[in-house]
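Trainee: I'd like to learn how to read pockets in a model. Can you walk me through this one?

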Amino acid sequence: MTDIPTQQGVVRVIGSDVTVQGVIKSFGDFKALKGVSLQINKGEFFSLLGPSGCGKTTLLRILAGFENPDSGVVMLDSSDILPLPPNKRPINTVFQNYALFPHLSVYENIAFPLRLRKTSAKELDARVWEMLDLVHLKEHVNKKPQQLSGGQRQRVAIARALINRPNVLLLDEPLSALDAKLRQQLLVDLDELHDAVGITFIYVTHDQAEALGVSDRVAVMNKGEVLQVGAPHEIYEAPATTFVAEFIGETNTLEGTITKVEGDVIYIDTQGLGIVEVTAEGNWQVGERVVHSIRPEKIRISKERPSHEQKDDNVFHGKVHERIYFGHQSKFYVNIDSGLKFKVFKQHVNYMDMGPLIKWDDEVYVAWDADDGYIVERVRA
Amino acid sequence: MVFWITAIFLMLPLLVLLLYSFNAGRSFTWTGFSLVWYEKLFTESGQLWQAVWNSVIVAVVSSLVSTVIGSLGAIGINWYRFSYKPYTTSLSFLPLVLPEIVLGVSILVFFNMIGLPLGMVSVIIAHTTFTLPFVLLMVMARLSEFDFSIIEASRDLGATEFQTLVRVIIPISMPGILSGFLTAFTLSLEDFVVTLFVSGPGSSTLPLYIFSAIRFGVTPTINAFSVLLILVTVALAVSAQRLLKYLIKA
Ligand SMILES: Nc1ncnc2c1ncn2[C@@H]1O[C@H](COP(=O)(O)OP(=O)(O)O)[C@@H](O)[C@H]1O
Ligand SMILES: [Mg+2]
């Protein structure tokens, strides 16, 4: 562990690499983790994203030392940590329900880790105040956890987990108990905190907006497996599987057979929509079955058929089935003539929308560029 | 109205007791005010005070022992996994539901079998046995308010199992431990049936002594003593309640 004092007086601790290799964990007959491998870099803000029950907490508990994997390797930098009990690992956890000590004040909760070791009274006090300052809780030192709001409790939990200067901080859905507005604010705070302390953060969430917003990289998990690891934009724009495409944000997926390949332009005969044009790199063969995804915000919607000056490779006609107005955008559910339902998001960029308003039951055209579509995966027969 | 009826029914026997403790004569006819029985209580009642002393020793020791065992047991049952846990738990509550007389007999038979002589030690062991489930119950009730994650948090933050016990588990269970202790103490102090079976020569507790004294005719010394006992009990109950309130707030 290397300590580098910064101008603000906050001690920067450089985090550790975390290596997880082939971790398997079963509870009875149920396989919670089916061979998970991850390489997390020093100082990274890394998110584990996946639906509830996919094994995120189990993986975190293995890292913290509360569960032992059936097999697999867990290393911090290059040392095996599996033999170490939780109290011997330079890893601290912010628990989902914060798990603050109800009998201790805010001050004593944060001081708890230092009280376990021989720490001089002066150093202890200085470090507790440093943490209180970091998480903006100075006015609440003497309160008991029960007297704090959800957001304040979360900050106590973070301060308590950081005071030991761990190499890795694990956060298990730390925002899930808070309301939406507060969540946004705390997410920003968390990001700033990460910049300030500089250690490795492993952040668990089932909320894709949270994960995409703050993470350096994200691992998408489902049913005990890691499906894709990548930067937020890679996960969003180039999802590796249909599950990832549909779990991260919203999308329209179409399955079909490739009928023609012209350089990097590929024509797919889809069920219900006919021929769809998409640009894709890689080696694609006529006759292959693939899944194609087009994000709703990349689709244009208009009452008139788009003119050919505009580059619209895919144009389809349909009827507005439903329109939901959100202020900054509208979501349209369009029934394509062939019977397919399509999601289209229209961002309201200008003050009051120009042009004819699109309403329920209006006849419309939906259109998108071949460049904006994406082939998610090959369908194995 | 109901209040007054209740109050009279509850208080009347006590008032009679109070009155007769100041009676100069021995019988139930009022022969004049006197403090003679109070005097005798402190001058000629060695056996009674011996019984009081025995009761206090038994109550203190047995309630302390059952508090320690019961609290640790509750912590174990609540938060640790071990084999035959459900059986252990239900077995621990058996003394709570068994009729006292059955309990008394079975403990006596057991002591005979292992050859333990009846005396203070046997009384203390017996009292520990039947007060234990109360402590267990009260500490478990307290612990059920908390999530296991605070134990994990403690370990995560660097505490050993022992540090977790001392710094987290025991402090949070303290209100339960204290009320368990007070209950055990009171139950031990006033127990009659079980003690009757397992006490030996020289180990008579107060309830046993009073009962046998009364059988040889009412001694007004006992009345005087009872009045004193009521005063002490009320004083103790009030201060214990204050203490509990204070501790729970803290
Ligand atoms: N101690 C346990 N015993 C049995 N099943 C468990 C245990 N812990 C977790 N599971 C199961 O493992 C799966 C993954 O759980 P978890 O890791 O908590 O998911 P997540 O945090 O992604 O919601 C769930 O189906 C859960 O029921
Ligand atoms: Mg979870």
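Mentor: Helix H12(B) gives the most to the lining of the largest pocket, eleven residues. Helices (H or I, at least four residues) and strands (E, at least two) are DSSP runs, numbered from the N terminus. This is a predicted model, where local features need pLDDT of at least 70 and side-chain atom pairs count only at pLDDT 80 or more, while totals for chains, interfaces and linings use all residues. Residues are numbered from 1 along each chain as its sequence is written, and side-chain values use heavy atoms, with hydrogens and water left out.

Trainee: Which residues lie nearest the centre of the largest pocket?

Mentor: On a 1 Å grid over the protein atoms alone, a pocket is an open set of points where a 1.4 Å probe fits, with protein on both sides within 12 Å along at least five of seven lines; lining residues have an atom within 4 Å of a point. Here, B:Phe185, B:Thr186, B:Leu189, B:Thr233 and B:Leu236 lie nearest the centre, out of 26 lining residues.

Trainee: How much space lies in the largest pocket?

Mentor: A volume is the space filled by probe spheres set on the grid points, which are joined across faces, edges and corners. For the largest pocket, that's about 790 Å³.

Trainee: And how confident is the predictor in chain B?

Mentor: pLDDT is its confidence in each residue, from 0 to 100. Chain B has a mean of 89, and 99% of its residues reach 70 or more. Confidence in chain B is lowest in helix H4 (residues 85-92), at a mean of 82, and highest in helix H8 (residues 149-156), at 96.

Note on methods: Chains are lettered from A and ligands numbered from 1 in the order in which they are written.
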